[in-house]
Amino acid sequence: MARNGFGVALVGLLFVAACSANGESPIATNRAADVSAISNVSPASSSIGQYISHVVVIIQENRSFENFFAGYPKANAPLSGCSLPSGGAAVQRRIVPRVSRKTGSGCPPGDVTVPLKQVTFDGPDLQHNWVSSGVEYDKGNMDGFGREGKKGANGAYSFVKRSLIEPYWSMANQYVLADKMFPTEWGGSFTGHLTLIAGNDRIRAIPDQSEVDFPNGLYDDCDSPAGTRSSFIQPKGGPRYYQGPFPCFDQFNTIADVLDRAGISWKIYATKIVGAGMWQPFEAIKSVRYGPDWRTNVVAPQTTILSDPGAGRLADVTWVTPSKKDSDHPGNGSDTGPSWVASIVNAIGLSPYWNTSAIIVVWDDWGGWYDNVKPPQLDYRGLGFRVPCLIISPYAKTGFVDDTQYEYASILKFIEEVYNLPNIGPASEMYTDARAKGLDKAFDFTQQPRPFVTIDAKYPRAHFLAEPPSNEPVDTE
């Protein structure tokens, strides 16, 4: 089913019909009806908007905090982990007392200590869905990472060789490394990206259900073939795969609704997929896919972000998603991800926008890799396993490890604080931006804006501008 990545009016009408043809009734409250009712403004803890007027969120793939930052000074990132003996099945382990992991030391009785081994970007590509999350979490013992209990397999107990990710360590040394950033929900990339733009993925209120993992079929968005179904979880029980609504969601608001109402400009840069649109979450949001934002705010190829800042075209709020090759995704044999991120940071740092910018680099899920920090459980969706997060700005603290408990909606909360915007929706409807802590602790607005220092990287900007389109999804789990 080939089509142009930005769609045409006829195709849009056909797929609107396809969404309706799936017979999924909007539940509880319809998103479009909700937008006009939003009025609960999130109060800024400081006058952030006096200093920051451009927020850029760079989203990479499938890495736990320890997989990239094991051994980082002052971070909670030990070079060893706790494991069930011989990778024994976590779901069958005996119940043992839990121990504090504040220092990363000590394992539950009967566990073994596993040294983390160095790996490259060659792999392995570990399972990282809702079910594998629970096995690795092991009721809070954080010791079921032995490849979902498969005997003798400790591939998850690994960290990427520092020389391969030096740009990330350089950014951490110069700016802020947040070592308690948690996804909104257990599971993989699709829910990670949805919650990064919405702080929510609730698709039904009665009974309470939230989207989980990927839909079935080839696509994950409004342009999916008729009959495509999403999956969901409920407060009790495991995932119900491919029993949810068509993945063209109008059941929850996104930050785009709030930005549009306030006249705040935004863009998302993404890669195209042959016959399947673009790999980014707004294609699964009905109001964006079939509204005016689709023609102006959704930009391909993603490498356009390397030119737009210098040309004076940086939006107020920006998201950047990579091609698969440049995504840090395990197992694709490419080490270009850190240089890709460095190129974006350099493009903004060397532009007139630097003095008013905050750049947040985050990973969309943990990728199945070991992490020692037990995620707080704030509702039935999560929080999920810890991921890396870098905060870069002329006002960011220098070499600071921020141990504030953040979640994906902390980024949304920060955007709301910068522009004095309302929350996306009420906590009673499972929106998480009201409860989330903003990123304020990472900044020092009493300091003069620091001049930008170029981030050194293996691959230059020209490498990415010349890179052919990958034409494949960045992740499918």
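This is a predicted model: local features need pLDDT of at least 70, side-chain atom pairs count only at pLDDT 80 or more; totals for chains, interfaces and linings use all residues.

Residues are numbered from 1 along each chain as its sequence is written, and side-chain values use heavy atoms, with hydrogens and water left out.

**The chain as a whole**

- The protein chain has 12 helices and 18 strands; these are DSSP runs, numbered from the N terminus, with helices (H or I) of at least four residues and strands (E) of at least two.
- Of its 477 residues, 63% count as buried. Buried means under 20% relative accessible area, exposed means over 50%, and partly exposed lies in between (1.4 Å probe, protein chains only).
- Among contacts (heavy atoms within 4.5 Å) between residues at least 6 apart in sequence, 82% join residues at least 24 apart.

**Salt bridges**

- Side chains of opposite charge can pair when their charged atoms come close.
- The structure has 13 salt bridges, each defined as a side-chain nitrogen of Lys or Arg within 4 Å of a carboxyl oxygen of Asp or Glu.
- One of them joins Glu 66 and Arg 386, whose closest N and O atoms are 3.8 Å apart. Because Glu 66 belongs to helix H3 (residues 65-69) and Arg 386 to the loop between strand S15 (357-363) and strand S16 (387-392), this pair ties together parts that are 320 residues apart in sequence.
- Glu 66 counts as buried because its relative accessibility is 0%, and Arg 386 counts as buried at 0%.
- Another salt bridge links Glu 166 with Arg 162, with 3.3 Å between the closest N and O atoms. Here Glu 166 is partly exposed, with a relative accessible area of 32%, and Arg 162 is partly exposed at 37%.
- Asp 379 and Arg 381 also form a salt bridge, their closest N and O atoms being 3.4 Å apart; both residues are buried.
- A network of salt bridges links Asp 201, Asp 379, Arg 381, Glu 407 and Arg 435.

- Glu 407 is found in strand S18 (residues 406-407) and counts as buried, with 4% relative accessibility.
- Its side chain makes a polar contact of 2.9 Å with the side chain of Arg 435. A polar contact is a pair of N or O atoms within 3.5 Å; within protein, one must be able to donate a hydrogen and the other to accept it, and residues adjacent in sequence count only if both atoms are side-chain atoms.
- Not counting residues up to four places away in sequence, Glu 407 touches Met 181, Phe 182, Leu 378, Leu 383, Thr 432, Arg 435 and Ala 436.

**Helix H6**

- Just after H6, Gly 199 takes a positive phi of about 65°.

- Trp 186 sits in the loop between strand S6 (176-182) and helix H6 (189-198) and is buried, with a relative accessible area of 7%.
- The side chain of Trp 186 makes a polar contact of 3.0 Å with the side chain of Gln 377.
- Trp 186 and Trp 366 are 180 residues apart along the chain, and their C-alpha atoms are separated by 9.4 Å.
- The largest cavity holds about 40 Å³ of space. A cavity is a set of points, on a 1 Å grid over the protein atoms alone, where a 1.4 Å probe fits but cannot get out, and lining residues have an atom within 4 Å of a point.
- The lining of the largest cavity includes Trp 186, Trp 366, Glu 185 and Asp 365.
- The lining residues divide into 4 nonpolar, 3 polar and 2 charged.

Technical notes: On a 1 Å grid over the protein atoms alone, a cavity is a set of points where a 1.4 Å probe fits but cannot get out, and a pocket is an open set with protein on both sides within 12 Å along at least five of seven lines; lining residues have an atom within 4 Å of a point. Grid points are joined across faces, edges and corners, and a volume is the space filled by probe spheres set on the points. Ala, Val, Leu, Ile, Met, Phe, Trp, Tyr, Cys and Pro count as nonpolar, Asp, Glu, Lys and Arg as charged, and the others, Gly among them, as polar.
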